[in-house]
Amino acid sequence: MEKRSMFGIVFRRLVRRKTAVFGLLVFFLMVLVAFLADLIAPYGPNEMLEGMQYRPPSFAHPMGTDMLGRDVLSRVIHGARVSLGVGIVSMVAASLVGIPLGIISGYYRRWVDQILMRVVDLMLAFPVFLLAIMIMVVLSPSASNVAVALTIVYIPRYARLVRGVVLSIRENEYIEAVRALGIRPWRIFLFHILPNCIAPVMVLVTISVGVAIIAEASLSFLGMGTQPPTPSWGSDLREALTTMELNPWLGIFPGLAILLTVLGVNLLGDGLRDAIDPRLKQ
Amino acid sequence: MLRFILRRLLALIPTFVGITLVVFIMIRAIPGDPILTILAEDYSEELAQEYRQKMGLDRPVVVQYLIWLKGMVTGDWGNSLISQEPVIREVAKRLPVTLELLVLALAFAVVFSVPFGVISAVKPNSMPDHTLMTVSMLGISLPEFFLGALLLIVFALKLQWLPATSFVPLSGGLFENLRHMLLPAVTLGSARMAMFTRLIRNSMLEVVRQDYIDTARAKGLSEWLVINKHALKNALVPTVTVIGLQIGYLIGGAIIVESLFALPGIGSLGIDSILQRDYPVVQAFVIVSATGFLLANFAVDIVYTFLDPRIRVR
């Protein structure tokens with residue numbers, strides 16, 4: 001009952017903010033577009049329409065066509081799969097690895113904590129995007145490898161956050177009580193510590209999905225992420241750049257798709273943070 | 001104070017060694033034999049063996065790392081596989097460009113975010129506040145390469161007010177240099193400006209609630225003085241810490257902006273070398289960027305202790 005009421009409170013606080021509702025709607029719309037891409041896209045993402053190169057936006061092609069006669073709208077719709085897929089999968093994966101590491105580190109402390117946190121410190125010594133580039137140097141460029149790279153980049157960030165939460169709650173009497181009852185550590189982790197970490201982790205996941213989407217697009221823009229012909233907003237913008245003065249729609253629509261998605265995620269994250277814990281601001 | 005700075009400086013050494021270790025492992029982890037890349041068509045088993053010996057690749061890994069680390073510290077960074085030039089010379093030539101870009105972008109972000117943040121906080125929930133908050137949210141969500149591409153097309157290609165993808169160094173005259181740096185700096189600084197604006201606003205809103213602000217008002221000080229002298233000073237302290245964290249994003253963004261505007265800096269050097277598999281240059285690029293980030297955070301730490309002396313006591 002307690003759990004439901006917490007989520008209920010958070011949800012009610014969230015929907016009271018218009019910007020958060022807008023963010024939630026945009027995010028769900030984008031997820032829906034990504035899932036239903038095959039159904040709603042008027043053409044295949046790599047379908048080349050004969051004699052239809054570089055057509056400006058029209059009724060038949062609301063976002064125009066590109067240098068190969070491909071429908072830009074269809075590519076933008078399919079691009080949502082890569083962007084949202086990489087963004088969401090990498091952040092969920094990073095939290096799934098980072099949370100246990102953070103719990104172990106904060107709960108056992110001593111040498112386990114020492115070793116884990118030195119590694120975390122070292123990884124945090126690199127700027128996010130630089131570390132992602134370094135990992136992409138070792139892996140070959142592709143959308144799934146970008147997801148792997150972003151997962152690795154974000155694991156220490158989740159571990160650090162969760163460790164902090166665990167350090168502050170492990171001294172509570174109820175933890176001492178369950179320990180005195182002889183309950184196994186994994187049950188303590190799962191039922192008594194983990195629920196306390198959910199709220200701050202959810203806020204970090206939401207906010208970092210936005211960063212991850214931008215990072216994927218940026219890597220693809222630099223030619224180190226998703227490779228053509230796979231539709232991706234970042235690599236499509238890269239291809240559009242050389243002719244963008246004459247055919248601005250080629251770059252503008254993928255760019256707007258990134259902007260709208262990240263805006264939605266950021267507004268949702270902001271609202272979620274205020275709804276869960278106003279003290280987490282900054 | 002000097003001792004405090006020295007102590008902090010010494011504390012950077014383990015992190016620096018850690019960074020070099022990560023880069024060493026990264027370069028070794030790249031699939032493929034480096035000898036194969038170097039020799040290319042001249043490859044033969046004997047020649048490969050000779051090269052392995054010459055480069056110390058037949059020694060234990062720990063020894064290899066120590067030899068490599070010594071080279072990194074003493075400035076022997078090897079030659080570029082493409083141009084055959086010493087890597088350190090190329091880096092030295094390009095570093096000022098990146099530093100100028102970072103300084104200009106940060107300056108742009110700070111100069112505009114402070115007044116914007118104050119305007120927003122003075123009348124929260126007013127029209128100007130809502131407008132600034134909406135625009136700043138858009139700014140945070142806008143990737144550098146998209147904003148940069150739009151600015152490039154509008155101001156350089158369509159209106160032709162500013163040069164597009166060319167560069168004039170500082171030695172070519174300050175005015176010409178700044179004209180070429182304006183679009184890249186604005187592109188890089190915009191998202192940070194948006195972020196700082198929101199931060200300064202929130203920080204200001206917290207400060208103006210405090211008692212000493214009431215006291216300042218009760219003394220009969222003008223609202224201008226209360227806000228800009230008494231409130232702003234304290235509101236900026238937490239912002240400085242965040243600027244430190246944001247420098248990491250600026251360094252990442254510089255890589256993209258330099259590539260987009262074809263600026264001859266460290267970032268574009270890094271991307272070119274990665275795409276050409278020029279690994280001696282890649283490792284120099286990573287070490288220089290990460291060390292720069294380390295030193296920037298160190299500088300922010302020191303500035304912070306100046307602003308808030310309570311930290312030194314701890």
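Trainee: How many residue pairs does the rule find in polar contact across the interface of chain B and chain A?

Mentor: In this predicted model, the rule finds two residue pairs in polar contact across the interface of chain B and chain A, both at pLDDT 80 or more. The elements of chain B that give two or more residues to the side touching chain A are helix H2 (12-29), helix H7 (127-141), helix H8 (144-158), helix H9 (174-207), helix H11 (223-261), helix H12 (266-275) and helix H13 (279-307). Of these, H11(B) gives the most, with nine residues. By residue class, the side of chain B that touches chain A divides into 34 nonpolar, eight polar and two charged residues.

Trainee: Which side chains meet in a salt bridge between the chains?

Mentor: The rule finds one salt bridge across the interface of chain B and chain A, and in it the side chains of Asp270(A) and Arg198(B) meet at 3.1 Å, N to O.

Trainee: How should I read the size of such an interface, and what area do chain B and chain A bury between them?

Mentor: The size of an interface is often given as the accessible area lost when the parts come together. Here chain B and chain A bury about 3500 Å² between them, with 83% of that area on carbon and sulfur atoms, and the contact takes 44 residues from chain B and 39 residues from chain A.

Trainee: Which domains does the assignment give within chain B, and how far apart do their C-alpha centres lie?

Mentor: The domain assignment gives domain 1 (2-74) and domain 2 (88-313) of chain B, and the C-alpha centres of these two domains lie 34 Å apart. An interface inside one chain can be read in the same terms as one between chains: 15 residues of domain 1 of chain B are in contact with 14 residues of domain 2 of chain B, and the two domains bury about 1500 Å² between them, 84% of it on carbon and sulfur atoms. On the domain 1 side, Phe4(B), Arg8(B) and Leu12(B) lose the most area to domain 2 of chain B, together 30% of what that side buries.

Trainee: What does Arg8(B) meet in a salt bridge?

Mentor: The count between domain 1 and domain 2 of chain B is one salt bridge, in which the side chain of Arg8(B) meets that of Asp301(B) at 2.6 Å, N to O. The elements that give two or more residues to the side of domain 1 touching domain 2 are helix H1 (2-10), H2 and helix H5 (61-74) of chain B, and the largest share of that side, eight residues, comes from H2(B). The residues of this side of domain 1 divide into twelve nonpolar, two polar and one charged.

Trainee: Where is Gly244(B) placed, and what is it in contact with?

Mentor: Gly244(B) lies in helix H11 of chain B and, because its relative accessible area is 1%, counts as buried. Setting aside neighbours within four places in sequence, Gly244(B) is in contact with Phe293(B), Asn297(B) and Val300(B).

Methods: Residues numbered from 1 in each chain as written. Chains lettered and ligands numbered in written order. Predicted model: local features only at pLDDT ≥ 70, side-chain atom pairs only at ≥ 80, totals over all residues. Heavy atoms only, no water. Contact = heavy atoms within 4.5 Å. Buried area = accessible area lost by both parts, 1.4 Å probe. Salt bridge = Lys/Arg side-chain N within 4 Å of Asp/Glu carboxyl O. Polar contact = N/O pair within 3.5 Å; in protein donor to acceptor, adjacent residues only side chain to side chain. Helix = DSSP H or I, 4+ residues; strand = E, 2+ residues; numbered from the N terminus. Nonpolar A, V, L, I, M, F, W, Y, C, P; charged D, E, K, R; others polar. Domains from an automatic or database assignment. Buried < 20%, exposed > 50% of the residue type's maximum accessible area, 1.4 Å probe, protein only.
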